[in-house]
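This report walks through one protein chain. Please look at the sequence and the structure before reading on.

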Amino acid sequence: NTMDKATMTDHTPVIRQSDDFGFAATDQYRQSVILIVDDDPANIQLICTALSNERYDFGISLGPEQALKFLEKKNVPDLILLDVRMPKMDGFTLCRKIKSNPKWAQIPVIFLTALNDEDSVVKGFESGGVDLLPLPFRRRELVARVHTHLELKRARDSLRRQMEEIR
């Protein structure tokens, strides 16, 4: 299976199906892990290639059910890139399910969508997304948005840890 592992740079990001991931959610020194949820393997490969120089590791889910299984196995990625249009359950619905679980609510979700009408954009934010990236995406824009939201998550996590230490 070509999606199990791929060599793209000297970093060699690990690309794994969602059912064989096993990193420790508390490991502060690991690479940032991005869960990519898309029913089209070609889109997943494009995203991984676009982000290959950024030293991220990837979890891959070929649909909403697989994404939920990934998360239920206590795999908490640093960021989720989520396709909106998928069969059975759209990305907005999946995002609401993710955000309704306290263990997953803090994971930033960036939607990837060809829908750019105002209603779809608002629906994305209302369902819990932090950003929407139009398809087809531009590589530098994808890299910039992913980097920004990972940095914001690190800052929030750091503040949360500091607040817990004060208590």
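Is D157 buried or exposed? D157 is buried, with a relative accessible area of 17%. Here buried means under 20% relative accessible area, exposed means over 50%, and partly exposed is in between (1.4 Å probe, protein chains only).

## The model and its confidence

This is a predicted model, in which local features need pLDDT of at least 70 and side-chain atom pairs count only at pLDDT 80 or more, while totals for chains, interfaces and linings use all residues. Residues are numbered from 1 along each chain as its sequence is written, and side-chain values use heavy atoms, with hydrogens and water left out.

The pLDDT is the predictor's confidence in each residue, from 0 to 100. Its mean over the chain is 85, and 82% of the residues reach 70 or more. Over residues 1-13 the pLDDT stays under 50; the model has 34 contacts beyond four places in sequence for this stretch. A contact means heavy atoms within 4.5 Å. Residues 16-29 also have a pLDDT below 50, with 37 contacts in the model beyond near neighbours in sequence. Where pLDDT is low, the predicted coordinates should not be read in detail.

## Overall layout

The chain has five helices and six strands. Helices (H or I, at least four residues) and strands (E, at least two) are DSSP runs, numbered from the N terminus. Starting at the N terminus, the order of the elements is β-β-α-β-α-β-α-β-α-β-α.

The chain has 167 residues, of which 47% count as buried. Among contacts between residues at least 6 apart in sequence, 64% join residues at least 24 apart.

Helix α2 covers residues 64-72, and its buried residues are P64, A67, L68, F70 and L71. They lie on the same side of α2, because they cover an arc of only 155° around the axis. The arc is that of the directions from the helix axis to the C-beta atoms. An α-helix has 3.6 residues a turn, so residues three or four places apart point the same way.

On the other side of α2, K69 and E72 are exposed. The buried residues of α2 pack against β2 (33-37), β3 (57-61) and α3 (91-100). After α2 comes K74, with a positive phi near 65°.

## How α2 meets α3

Two packed helices are described by the angle between their axes and the distance between the axes. The axes of α2 and α3 come within 11 Å and cross at roughly 15°. Axes are lines fitted to C-alpha atoms, for helices over the stretch in contact, and angles run from 0 to 180 degrees between N-to-C directions. The two helices, α2 and α3, are therefore roughly parallel to each other. Angles under 35 degrees count as roughly parallel, over 145 as roughly antiparallel, 65 to 115 as roughly perpendicular and the rest as oblique.

Which residues meet where α2 and α3 come together? In α2 they are P64, A67, L68 and L71, and in α3 they are L94, K97 and I98.

L94 is found in helix α3 and is buried, with a relative accessible area of 0%. Leaving aside neighbours within four places in sequence, L94 is in contact with V37, P64, A67, L68, L82 and M89. L82 is 12 residues from L94 along the chain, and their C-alpha atoms are separated by 8.8 Å.

K99 is also placed in helix α3. K99 and G128 are 29 residues apart in sequence and 6.5 Å apart in space, C-alpha to C-alpha. Beyond neighbours within four places in sequence, the contacts of K99 include Q106, P108 and G128. D157 lies in helix α5; the C-alpha atoms of D157 and Q106, 51 residues apart along the chain, are separated by 8.9 Å.

## Backbone details in the loops

R55 has a positive phi of about 60° although it is not a glycine. R55 lies in the loop between α1 (41-50) and β3 and is partly exposed, with a relative accessible area of 45%. K88, not a glycine either, has a positive phi of about 75°. K88 sits in the loop between β4 (79-83) and α3 and is exposed, with a relative accessible area of 82%.

A cis peptide bond joins L135 and P136, with omega about -5°. P136 is in the loop between β6 (131-134) and α5 (139-166).
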